[in-house]
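Here is a friendly walk through one structure, meant to be read with the sequence and the 3D view side by side. Please keep both open as you go.

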Amino acid sequence: MYSLLSRLMIKALRLSSSIRTMSTARIAVAQMRSTNDKQHNMVQIQTITERAKAKDVQFIFFPECCDYVGTHREETLKLSEPLTGPTVEKYKNMARENNVWLSFGGVHESITDETDPGQEVKNIYNTHILINNAGELVACYRKLHMFNVVTPEFKFRESETVRSGSALVPPIETPIGRIGLQICYDMRFGEASTILRKQGADILTYPSAFAVSTGRAHWEVLLRARAIENQCFVVAAAQIGFHNKKRESYGHALVVNPWGTILGQANDQDLDVVIAELDFDKLNSVRTNMPCFEHRRDDVYNLSARVGLPSVYGSPNEKKKSFGGIEIQPETIFYESEHSFAFTNIRCVVPGHVLVTTKRAAARLPDLSPAQINDFFQTVCKVQKAAERLYDASSSTVTVQDGPDAGQTVFHVHCHIMPRHVGDFPENDQVYGELNRHDKEPERPRRPIEEMATEAANFRDVMSRMGL
């Protein structure tokens, strides 16, 4: 009886801590028609911001391609800018001057070699950025799913111009709730939205430049589905009308509540602003009365994902991670998933010897949940592939020392990944003896943090290029 009461009390405490103290939030959702005239598009954004501020909103959401829509690939690349460019700088000033948070749901981020800034842009990212009311860039998400589609009405291959992102970004804490960042075509991939909800999202965003034919068929039903299945608000700013002779967008910017009710939808006009009240009492009621996420069968199926790493490693605001009570320097972490992370090693048995561990401080593999075990070994396999590519190896020693009698010295689940080559030891199995001694030998000094950070950067680069 005591055990049951304890569990009920813990559940109640968790529920009460998850309920937001605010009851409502007031937002604006934009509908616009971008062209290749960046100045004209900026005027539209300024007009929408003024209209929204007159309605006393806390947050304004702009659509995909809010900076511009090019008429052809070469123009699209030429007009692109880095996130440090003048267009984003104007967005920052606008947020600061109006004391409002802004979501720009898809800007064309140029990809260039920092060592050769004058080179021609060959690829871009489709990047969703959030700017706070102090004018600071607080988050960026690079679109994962490329819109490569052929229908009777049109053909479009986004990947010919845009490079896909490499990770989801965990929900961002904002004054109106935790926001999960997505872009347009991402809405067709429900797994991503469910992972964002599992990570704490209250609001899912789908800023779009949705095609007309697919918009008529799927726009509303997909957005309402994402809201219902994840019990989140869904915010979808939209482009509308002809951007040029070849490209037209569907429009119908809208906001949906966690029950699937449409709270507001734009008119059929180029410039429109939807004002909506997000009722968090409704969100909490839906989640309490129909606790779908408590009913999920993690023992049968589960979802995990790679998590986006910060753009500036080791920054003061970066949350530190622990491995057996040891603080791991952020700049040495090169991969992060929902339940695991990988980092470079202080002392290596062979070059490329790295570690994967769990975020939860479990001592033994059987202490992990099915979802955590699945995520841990998926991460191990991805890191092994990257290590073999980076160190030109065709084999690896992959081992978990699970318990002190197996050689475990840090009592936190972890896996050693060591890329192997012919002749790296006189006897192949000598690696296990070296592993057992590698962190005990005083004559083997720890590596400089700069060396470990450089190796981590190399791992991040190769994993990105491999799509891991």
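This is a predicted model: local features need pLDDT of at least 70, side-chain atom pairs count only at pLDDT 80 or more; totals for chains, interfaces and linings use all residues.

Residues are numbered from 1 along each chain as its sequence is written, and side-chain values use heavy atoms, with hydrogens and water left out.

**Helix pairs**

A few terms first. Helices (H or I, at least four residues) and strands (E, at least two) are DSSP runs, numbered from the N terminus. Axes are lines fitted to C-alpha atoms, for helices over the stretch in contact, and angles run from 0 to 180 degrees between N-to-C directions.

| Helix pair | Axes come within | Crossing angle |
|---|---|---|
| helix 2 (residues 38-54) and helix 4 (residues 86-98) | 12 Å | roughly 15° |
| helix 5 (residues 190-198) and helix 6 (residues 212-230) | 10 Å | roughly 35° |
| helix 8 and helix 10 (residues 449-466) | 9 Å | roughly 105° |

Helix 2 brings Lys38, Gln39, Met42, Ile45, Gln46, Thr49 and Lys53 to the contact, while helix 4 brings Thr87, Lys90, Tyr91, Met94 and Asn98; contact means heavy atoms within 4.5 Å. Sorted by class, this contact of helix 2 with helix 4 has 4 nonpolar, 5 polar and 3 charged residues. Here Ala, Val, Leu, Ile, Met, Phe, Trp, Tyr, Cys and Pro count as nonpolar, Asp, Glu, Lys and Arg as charged, and the others, Gly among them, as polar.

The crossing of helix 5 and helix 6 is also right-handed. Gly190, Ser193, Thr194 and Arg197 of helix 5 make the contact with Arg226, Glu229 and Asn230 of helix 6. By class, this contact of helix 5 with helix 6 has no nonpolar, 4 polar and 3 charged residues.

Helix 8 and helix 10 cross at roughly 105° and are therefore roughly perpendicular to each other. From helix 8 come Lys382, Val383, Lys385, Ala386, Ala387, Arg389 and Leu390, which meet Asn458, Phe459, Val462, Met463 and Met466 in helix 10. The contact of helix 8 with helix 10 divides into 8 nonpolar, 1 polar and 3 charged residues.

**Buried residues and their neighbours**

Buried means under 20% relative accessible area, exposed over 50%, and partly exposed in between (1.4 Å probe, protein chains only).

Asn41 sits in helix 2 and is buried, with a relative accessible area of 0%. Its side chain reaches the backbone oxygen of Asp67 at 2.9 Å. Not counting residues up to four places away in sequence, Asn41 touches Met32, Arg33, Ser34, Thr35, Cys66, Asp67 and Tyr68.

Phe59, in strand 2, is buried at 0% relative accessibility. Beyond residues up to four places away in sequence, the residues that Phe59 touches include Arg26, Ile27, Trp101, Leu130 and Ile176. Phe59 and Asn99 lie 40 residues apart in sequence and 9.5 Å apart in space, C-alpha to C-alpha.

Ser110 belongs to strand 3 (residues 101-111) and is buried, with a relative accessible area of 10%. Leaving aside neighbours within four places in sequence, Ser110 is in contact with Ser80, Glu81, Pro82, Val121, Asn123 and Ile124.

Arg178, in strand 9 (residues 177-181), is partly exposed, with a relative accessible area of 22%. Arg178 and Gln199 are 21 residues apart in sequence and 9.5 Å apart in space, C-alpha to C-alpha.

**Two positive phi values**

Most residues other than glycine have a negative phi. Cys65 has a positive phi of about 60° although it is not a glycine. Cys65 is found in the loop between strand 2 (59-62) and helix 3 (73-79). Is Cys65 buried or exposed? At 5% relative accessibility, Cys65 counts as buried.

Asp392 has a positive phi near 50° and is likewise a residue other than glycine. Asp392 is placed in the loop between helix 8 (370-390) and strand 22 (395-399), and Asp392 is exposed, with a relative accessible area of 68%.

Methods. A polar contact is a pair of N or O atoms within 3.5 Å; within protein, one must be able to donate a hydrogen and the other to accept it, and residues adjacent in sequence count only if both atoms are side-chain atoms. A crossing is left-handed if the near helix is turned anticlockwise from the far one by less than a right angle, and right-handed if clockwise. Angles under 35 degrees count as roughly parallel, over 145 as roughly antiparallel, 65 to 115 as roughly perpendicular and the rest as oblique.
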